[in-house]
Amino acid sequence: MDDNHELLTRIRIQEEHIPVETIRSEWNKLKIRRRSRNRRRVLYSLTSAAACLILYFTGLSFQKDIIPIVDHQDLLSRLDSINTDASDRIRLIANGKVIASSRNNATIIQQQDGSLIFDRNRRIDAATVRVNHLQLVVPKGKRSTVTWADGTKARINSDTKLAFPASFGVEQRDLYVNGEIYLEAAHNDSWPMVVHTPSLDVKVLGTTFNVTAYQTDGFTDVTLVSGSVDILSDSSQPVRLVPGDCCHAEYGQQSVRQVNTYDYTCWTDHIMKLDETPLPTILTRLSRYYDVEIVYRKEISTIRYVGKLDLARGIEHVLYNLSLTTPISYTLSNNQHILTIN
């Protein structure tokens, strides 16, 4: 409307002195200017829409690349609060709820798409587990295995609690352990693995090692089978382990010595190695392995053993072998959940 008014004003000013050719020329210029303005409006609209789309997808990409800030101590505290005796099932927990459980020695396999195969036949889609971390609870008498998509494999001993990122291997390779695990860590220079325990952390690029970190025991052992790891703690400088080293942490102090690593990893073969091992230590391990409560007299707590026990043959066979070398007797309750040693 402004253009039309401008043209009419110019016509009135010049009145009868304007030739017809001039009027036609002015009208054509007006049409050209209006088409130009329309094209600019369309171009501006398209440009704005494109900018919005770019910002939208950039936002999605940015959100995808965000690595959540994790409070390691909070995760360890939450693990500690979980009672392994609350169930005789292996439990997978998300947001405080059990999303899968099994009475078997369940295996968990992470697929490339982030989904999980639980106990060989149950699939848990990644989209259904909208949490940062999952908790795996292995009660006494059970053992489990977790294999992640990057090739890292963990064998998990009885009475152990493990937390791991739901997107393990995608810029996050942190594990949280209260118990015992044997790890074969896939090599990754870009994203080193860190295993967090109540007393220390273990940083590794790719290696095989055992971590014993039952909080109720009051000590932590990290035994390196192959590769190298760094022991990190608030109480000392980082310590680099070489194969055959065992780092023992207790009462805020650390020590490193060379050991026979199989003495610490033989539990994966259902063997318990004994090297002047006190009877109370043996009974604690048997209680976890077989899920039995063991009661014994203080007088026999000074007895020590050398040798090995074949745990796969059952608790009665193990107790019989112990009784052959020391004057002890034992009684199993009818339901075989309470063991009394005299």
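A residue is called buried when its relative accessible area is under 20%, exposed when that area is over 50%, and partly exposed in between, with a 1.4 Å probe and protein chains only. Y290 is buried because its relative accessible area is 18%, and Y289 is likewise buried, at 10%.

The structure is a predicted model, in which local features need pLDDT of at least 70, side-chain atom pairs count only at pLDDT 80 or more, and totals for chains, interfaces and linings use all residues. Residues are numbered from 1 along each chain as its sequence is written, and side-chain values use heavy atoms, leaving out hydrogens and water.

Confidence is expressed as pLDDT, the predictor's score for each residue from 0 to 100. The protein has a mean pLDDT of 81, with 78% of its residues at 70 or more. Where pLDDT is low, the predicted coordinates should not be read in detail.

Aromatic pairs join rings of Phe, Tyr and Trp (its six-membered ring) whose centres lie within 6.5 Å; planes under 30 degrees apart are stacked, over 60 edge-to-face, and the rest tilted. The count comes to two such pairs. W148 and F164 pair edge-to-face, 5.4 Å centre to centre with 75 degrees between the planes. Both W148 and F164 are buried. Y289 and Y290 also form an edge-to-face pair, at 4.9 Å and 75 degrees.

A charge sits over a ring if NZ of Lys or CZ of Arg is within 6 Å of the ring centre and within 35 degrees of the ring normal. The charged end of R143 lies over the ring of Y289, 3.8 Å from its centre, while R288 is placed over the face of Y214, 3.6 Å from the ring centre.
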